[in-house]
There are 2 protein chains.
Amino acid sequence: MSDTTPTPDARIDVSVVGDALLGTWKHERLESRRLASDPRLHTIHGQSMAEHRERALGQLGILVEEGAIQRAFPKRLGGGDNHGGNIAAFQELVLADPSLQIKSGVQWGLFGAAILHLGTQQHHERWLPDVMSLKLPGAFAMTEIGHGSDVASIGTTATYDPEAQEFEIHTPFAGAWKEFLGNAALHGQAAVVFAQLITQGVNHGVHAFFVPIRTPDGEMLPGVGSEDDGVKGGLNGIDNGRLHFTRVRIPRENLLNRYGDVAADGAYSSQIESPGRRFFTMIGTLVQGRVSLDGSAVRAMQAALAIAITYGTQRRQFPGASGRETVLLDYGQHQRRLIPRLAQTYAMAFADERLLTVFDEVFSGARDTDENREDLETLAAALKPLSTWAALDTLQEAREACGGAGFMAKNRFVGLRADLDIYATFEGDNNVLLQLVGKRLLTDYAAQFKAGDRAAIAKAAASQLGDRVSRFGLRQLGQSIADLGQMARSVESLRSPEAQRALLADRVETMVSEIALAMRDATKNVPKGNKRAKAIASEEAFNAQQHKLIEAARAHAELLQWEAFTEAIDRLQDGGSRQVLTWLRDLFGFGLIESNAAWYLVQGRISGQRAEAVTAYIDRLIGRLRPHALDLVEAFGLTPELLRAEIATGIEAERQAEAQAYVEEQRAAGTWPVHEKELRARAKAAARA
Amino acid sequence: MSDTTPTPDARIDVSVVGDALLGTWKHERLESRRLASDPRLHTIHGQSMAEHRERALGQLGILVEEGAIQRAFPKRLGGGDNHGGNIAAFQELVLADPSLQIKSGVQWGLFGAAILHLGTQQHHERWLPDVMSLKLPGAFAMTEIGHGSDVASIGTTATYDPEAQEFEIHTPFAGAWKEFLGNAALHGQAAVVFAQLITQGVNHGVHAFFVPIRTPDGEMLPGVGSEDDGVKGGLNGIDNGRLHFTRVRIPRENLLNRYGDVAADGAYSSQIESPGRRFFTMIGTLVQGRVSLDGSAVRAMQAALAIAITYGTQRRQFPGASGRETVLLDYGQHQRRLIPRLAQTYAMAFADERLLTVFDEVFSGARDTDENREDLETLAAALKPLSTWAALDTLQEAREACGGAGFMAKNRFVGLRADLDIYATFEGDNNVLLQLVGKRLLTDYAAQFKAGDRAAIAKAAASQLGDRVSRFGLRQLGQSIADLGQMARSVESLRSPEAQRALLADRVETMVSEIALAMRDATKNVPKGNKRAKAIASEEAFNAQQHKLIEAARAHAELLQWEAFTEAIDRLQDGGSRQVLTWLRDLFGFGLIESNAAWYLVQGRISGQRAEAVTAYIDRLIGRLRPHALDLVEAFGLTPELLRAEIATGIEAERQAEAQAYVEEQRAAGTWPVHEKELRARAKAAARA
């Protein structure tokens with residue numbers, strides 16, 4: 001089926017699209033959704049923090065009983081060595097209770113995974129069985145009050161004492177206290193503590209240590225202190241807290257020594273020579289948290305749209321010319337609020353599937369190269385910020401689209417939004433992650449030229465300024481043709497996937513080259529040899545470009561989402577599904593162009609008339625997709641047990657029907673009172689006659 | 001002081017700017033802030049819903065004791081006839097506990113005010129003293145499950161029985177149940193119930209009735225049912241619930257009969273002949289809720305920025321070239337996140353002061369004309385949506401800017417955000433309100449021409465399409481001059497307030513005229529006389545323009561905010577304050593132009609180079625305002641007792657100082673371990689030598 005000959009009566013095949021969304025780990029997802037449908041795992045609205053914490057701990061026990069947590073652990077320990085399936089299943093738990101989900105993430109995805117990935121076989125055998133069975137609940141003690149995003153600068157020290165063959169774990173000032181740790185306030189009996197490893201008077205940088213913190217009956221061990229973080233904006237089923245250590249002694253063997261070790265005599269060794277690369281290798285295992293959140297955010301968006309769109313097709317408000325009150329989703333503004341977000345959700349769902357595939361290739365060892373790890377980290381750093389922000393935005397818009405009903409806990413939006421709020425800054429602050437992506441884009445850009453040949457970069461960037469319209473064959477798109485009033489023809493050339501991709505890719509590349517040029521210009525006049533002056537000038541130049549660099553990273557992520565959406569459509573066999581999803585993809589692509597229209601106009605990539613045509617075409621696409629809105633949310637496959645929102649049960653349609661039946665009955669019986677307005681109109685008509 | 005000769009060392013006079021922000025009702029605001037500083041009125045994080053509800057009721061008692069609720073009531077009943085002061089004082093309570101604030105708003109601003117404004121002297125004397133003393137807690141029963149924004153279509157009926165001289169209040173189907181009412185689940189003993197008034201077989205439209213619902217000891221009265229709404233996304237100190245009525249009888253005198261009355265024999269009378277105008281007059285008293293929320297939203301934004309900016313000037317992260325870690329607010333992105341929102345907050349604060357002034361003029365009777373009432377309603381409908389949305393956006397950005405610390409209840413953002421969420425849809429759904437403003441803009445636009453002369457409208461609109469660049473003297477702004485690289489000069493012409501105003505006003509006027517033209521075009525081919533076809537075509541045309549109309553209303557509101565900001569600066573005497581606030585106003589104005597740059601480009605109002613210059617100038621303004629950020633939040637006058645955020649107390653600066661002192665001490669003692677990176681660098685240097 002061609003994109004240019006729309007079939008107006010095309011429908012999606014809900015099960016075909018549903019399977020595409022479930023993706024490679026369909027089996028694990030469905031298994032996890034069955035579990036997430038279990039009332040024992042559901043949030044109880046209005047529970048006190050203390051009750052919710054106990055319930056979440058109990059729910060972790062249920063996950064163990066149900067065999068739901070072992071997938072990522074080694075087969076020799078009863079696991080499944082199934083990394084993609086593990087994250088896929090984890091993502092589905094968000095609709096049971098995000099507290100349960102994240103607490104399980106702390107236990108098995110952070111605490112357990114740190115032992116698995118940073119420790120060696122002795123550690124695995126010694127601790128993982130108890131971690132997996134929940135006999136040993138633990139915390140992941142990386143973040144400090146004084147250092148969140150900048151892990152390399154944490155203040156906690158682990159100083160080796162060769163006499164005792166022990167490490168001394170110490171938080172020398174309040175800023176070094178470990179903070180915001182799940183399982184720290186109440187349930188954790190041990191923690192993987194990140195600390196500066198000091199031996200023989202040398203700081204070898206951040207390493208991870210296994211540190212017992214509490215007895216099974218809840219007593220703190222000597223030298224370990226804990227404080228409760230108390231009430232949070234959400235996730236109150238998790239006992240977040242602070243930990244501090246006063247010269248706490250642990251055996252030398254408690255260093256998780258996969259990437260760096262200390263011999264009995266205190267000699268340090270590592271197979272990774274560069275301390276910087278060693279640090280990023282260790283920290284790199286954190287990527288699975290980002291992958292997990294990306295898909296969880298998408299699932300929450302899907303739930304929000306399923307609820308709001310279902311309600312929007314039943315709820316009526318204000319009399320329409322047709323005689324009945326108008327259904328909310330038939331209002332132009334209501335469509336503008338929800339349908340583009342539906343397109344975005346599809347794009348993000350397919351992008352997450354792609355991310356998960358790359359993740360599985362690396363973590364399964366199938367394609368575990370340095371380059372793939374780096375690509376995985378960049379991909380996760382690009383997608384997680386956009387999806388976690390989009391989830392908050394979509395949950396909020398959906399809640400508002402349902403008015404007061406949206407504010408009731410029983411309709412799910414507010415609880416999910418409160419719980420997912422922290423997604424934007426944990427497992428990597430969104431802005432910091434995007435900056436990471438931006439830096440990678442700059443590095444890749446510079447790598448096109450001879451190493452260090454800044455003159456070549458500048459030349460290339462400068463030539464683009466003059467030449468940029470002709471790159472990517474975009475000249476025809478940008479020309480200001482006199483096609484006013486011929487909107488249809490003027491978007492024609494933008495409708496091909498190639499044109500959309502070219503516009504989106506060009507924006508990333510142009511922004512990156514401009515940033516590179518600006519940074520070069522800002523430092524070129526610093527006298528050679530003045531290292532400090534150069535460092536300061538370079539920092540200032542970077543800072544001046546920081547906002548733009550983050551925007552470039554965002555544009556890059558959007559391009560990746562668009563590509564994932566397009567590839568998913570290419571894989572579909574069903575014609576109707578392809579057709580409707582192509583409209584949806586176009587809406588996503590055109591939406592990106594519309595929101596960045598000023599950039600495209602300033603750069604001469606599109607004419608003013610073309611920009612107006614883009615908006616007009618978006619309106620047309622939204623209208624065309626309106627009849628498919630229910631199908632498109634049905635394909636998410638979220639059952640009533642997963643949604644659990646009263647307003648998505650059909651209750652509103654029942655109320656509307658009851659009200660209408662009452663009015664009709666009264667009318668038929670002649671007991672329906674005439675309205676004063678009608679009387680006045682009749683009197684006026686009579687006076688005229 | 002001229003705007004074009006900036007004095008780089010200008011500082012604001014914090015008390016001068018503070019007074020400007022406190023405005024006309026400074027005394028009432030300060031009195032209310034003193035009250036809001038009282039720990040008895042503060043939120044206790046993590047309280048259960050039941051406890052919080054009881055506490056909020058108790059807090060209302062404290063307000064009565066402290067003489068804080070009587071301002072708007074008549075002097076003859078012990079009130080102050082002080083409408084502006086009442087709302088000003090109310091707005092300040094948001095920082096004590098939004099539940100307490102809104103529950104007091106239900107009791108005195110809705111329930112009490114309905115008796116005051118819709119009732120007559122007998123009602124005032126009979127019920128207001130008990131309402132004011134809280135002896136009679138009540139609900140405001142307007143919204144129904146089936147009808148929120150469309151009050152005219154509610155299903156509850158009040159049918160007059162001349163035999164008994166009683167009204168029968170009845171909710172004939174589930175959709176007519178009164179919903180989301182504060183004081184309905186537990187504490188209300190009466191309700192002002194809005195119902196269709198039916199007498200002598202005629203429905204005279206919606207009127208308000210005083211209906212007892214519960215005994216003082218909590219028993220529901222016969223025929224009245226109540227259900228608890230349970231847990232909400234916020235405001236859980238308020239006992240929201242549903243009320244339903246099964247043929248409940250009330251005396252004829254319980255009709256609040258200021259605008260419409262029923263004689264003993266059932267004859268209906270009203271001094272307002274048109275049922276439509278009568279309805280809008282009664283509903284118009286609701287405007288005070290919108291005015292209240294507007295300023296409360298601003299206060300929450302001020303608190304959010306005071307906390308985040310204070311923290312942002314203390315918190316450091318990532319080593320800088322200077323040798324120390326960099327303060328967050330010195331990062332370009334952090335400035336981009338917070339400083340434009342500071343400008344917006346100032347604009348909204350001054351706009352709210354203007355709104356409150358108009359409100360007071362109307363409600364005090366000083367300038368109570370139909371036209372002023374209509375202007376007041378339009379102004380409130382324009383400002384409330386933007387400020388309530390901005391509050392959510394600012395609270396969220398501020399929370400994220402503080403990372404995990406922002407997610408802790410003790411730092412205030414999350415609680416305020418959860419509580420203020422509903423501001424976006426109660427007291428008028430934001431989109432519905434903006435549509436109201438848009439309709440008013442269309443009406444005013446049409447009124448420029450002969451009544452009903454659509455041809456003239458079309459002609460005017462069409463001529464603008466060709467001529468629009470020359471209106472408002474904008475041609476010079478739009479021309480594509482070859483000033484690349486001369487950013488300073490190219491924004492020069494935009495920096496005058498006149499140019500900013502012209503650009504902002506032109507956008508509103510052009511959008512409105514285009515919408516008017518599009519609607520006219522869409523209906524012009526409907527055959528004359530086919531009323532139904534015309535109604536349907538007209539509805540479809542309106543629906544197609546709905547999104548754009550709402551955007552036009554938003555642009556109108558932004559212009560009003562910009563104007564209020566500009567007028568406030570004009571009133572300032574202090575040169576430094578004028579200078580800094582002018583930069584801030586320019587940042588607000590340029591920010592609006594930047595966010596709508598695509599529109600200005602498409603319409604030929606600014607050239608591409610000018611658009612880039614706008615962004616460059618925004619960057620400059622942000623950098624220029626950075627040193628004033630703390631002064632600008634200090635001028636909000638929010639004391640530690642009002643902010644109550646741990647991270648705004650200086651605790652972070654103390655931690656930083658402690659950490660630095662520790663490192664310096666270790667260095668001085670020679671016990672600071674050398675880092676492996678440094679050793680490797682030294683070895684490398686030695687090898688080279």
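In the predicted model, chain B contains an open sheet of 3 strands in the order S4-S8-S7, with antiparallel pairing. Strands (E, at least two residues) are DSSP runs numbered from the N terminus, and two strands pair if DSSP finds at least two bridges between them. Strands S4 (178-181) and S7 (224-228) of chain B stand at the edges with a single partner strand each, so one side of each is left without a neighbour in the sheet. Neighbouring strands of this sheet are turned by 25 degrees against each other on average, direction ignored; the axes are lines fitted to C-alpha atoms. S4(B) pairs with S8(B) (residues 241-245) in the antiparallel sense over 2 bridges, and Leu181(B) stands opposite Gly241(B) in S8(B).

Residues are numbered from 1 along each chain as its sequence is written, and chains are lettered from A in the order in which they are written. In this predicted model, local features need pLDDT of at least 70, side-chain atom pairs count only at pLDDT 80 or more, and totals for chains, interfaces and linings use all residues.

A parallel arrangement joins strand S1 (residues 138-141) of chain B to strand S5 (residues 190-199) of chain B through 4 bridges, with Phe140(B) opposite Val192(B) in S5(B). Both faces of S1(B) are covered: Gly138(B) and Phe140(B) on one side, and Ala139(B) and Ala141(B) on the other, are all buried (20 or more other C-beta atoms within 10 Å of the residue's own, with C-beta atoms placed from the backbone).

For chain A, the automatic or database domain assignment gives domain 1 (138-284) and domain 2 (651-688). The C-alpha centres of these domains of chain A lie 72 Å apart.

Definitions and conventions: Axes are lines fitted to C-alpha atoms, for helices over the stretch in contact, and angles run from 0 to 180 degrees between N-to-C directions. A residue is buried if 20 or more other C-beta atoms lie within 10 Å of its own, exposed if 12 or fewer, and partly exposed in between; C-beta atoms are placed from the backbone.
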